[in-house]
Amino acid sequence: MLSKEDSRRLAQLERQLRREDPDFCSRMAGGRPARRHVPLSLILAATVVWAAALILAVVGWWAAAIVAGVWALVIMVAIGYRCRPGSGADSPDALPPAW
């Protein structure tokens, strides 16, 4: 059994290896890098805002339609950022604490 100091050092080495070579770590784990699930609320929000932008454009409120379109784009970028491998809880620095 490892001492607390050895466990801390091992966790530090794991974090460094995951940060420097995530492809190697995913190959050693036997799979592809984990992808995060997209929250349904973000997809629904983007859909509603896009629909609002279209309706506002048809009605003739161009300024409001542009603002709604920009917000829909921001939501879609957030979805893309959240889904990329290595973000959030799946990042190399997000290791469980050593016992």
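This is a predicted model: local features need pLDDT of at least 70, side-chain atom pairs count only at pLDDT 80 or more; totals for chains, interfaces and linings use all residues.
1. Overall composition. The secondary structure of the protein chain amounts to four helices and zero strands. Read from the N terminus, the order of elements is α-α-α-α. Of the contacts between residues at least 6 apart in sequence, 64% join residues at least 24 apart.

2. Burial and surface. The protein chain has 99 residues, and buried ones make up 17% of them. Its accessible surface is about 7,700 Å². Carbon and sulfur atoms account for 68% of that surface.

3. Helix α3, geometry. Helix α3 covers residues 40-59. With 20 residues, α3 reaches 29 Å from its first C-alpha to its last, close to the 28 Å expected at 1.5 Å a residue. After α3 comes G60, which has a positive phi, near 110 degrees.

4. Which residues of α3 are buried? They are A46, A53 and L56. Seen down the axis of α3, these buried residues fall within an arc of 95 degrees, so they line one face of the helix. The face turned away from that buried side carries exposed residues, namely L40, S41, V48, L54, I55, V58 and V59. The cover over the buried residues of α3 includes α4.

5. Helix α4, geometry. Helix α4 spans residues 62-83. It has 22 residues and reaches 31 Å between its first and last C-alpha, close to the 32 Å expected at 1.5 Å a residue.

6. The buried residues here are A65, A68, G69, A72, I75, I79 and C83.

7. Nonpolar patch. Residues I66, V67, V70, W71 and V74 make a nonpolar surface patch of about 500 Å². How accessible is V74? Its relative accessible area is 43%, so V74 is partly exposed.

8. R82 and V38. R82 lies in helix α4. With a relative accessible area of 31%, R82 counts as partly exposed. In sequence R82 and V38 are 44 residues apart, yet their C-alpha atoms are 7.1 Å apart in space.

9. Salt bridges. How many salt bridges are there? The count comes to two. In one of them E5 pairs with R8, where the closest N and O atoms are 2.5 Å apart. In another, the side chains of R9 and E5 meet at 3.3 Å, N to O. Both distances can be set against the cut-off, a side-chain nitrogen of Lys or Arg within 4 Å of a carboxyl oxygen of Asp or Glu. Salt bridges that share partners join E5, R8 and R9 into one network.

10. Spacing along α1. Helix α1 covers residues 4-20. E5 and R8 are three residues apart in α1, so about one helical turn separates them. R9 and E5 are four residues apart in the same helix α1, and again the separation is about one helical turn. An α-helix has 3.6 residues a turn, so residues three or four places apart point the same way. Side chains of opposite charge can pair when their charged atoms come close.

11. R8 is partly exposed at 43%, and R9 is partly exposed at 46%.

Note on methods:
Residues are numbered from 1 along each chain as its sequence is written. Side-chain values use heavy atoms; hydrogens and water are left out. Patches are made of residues with over 30% relative accessible area and no salt bridge: like charges are joined within 9 Å, nonpolar side chains (Val, Leu, Ile, Met, Phe, Trp, Tyr) within 5 Å. Accessible areas come from the Shrake-Rupley method with a 1.4 Å probe; for residues, only the protein chains shown count as cover. Helices (H or I, at least four residues) and strands (E, at least two) are DSSP runs, numbered from the N terminus. Buried means under 20% relative accessible area, exposed over 50%, partly exposed in between (1.4 Å probe, protein chains only). The expected span of a helix is 1.5 Å times one less than its number of residues. Contact means heavy atoms within 4.5 Å. The arc is that of the directions from the helix axis to the C-beta atoms.
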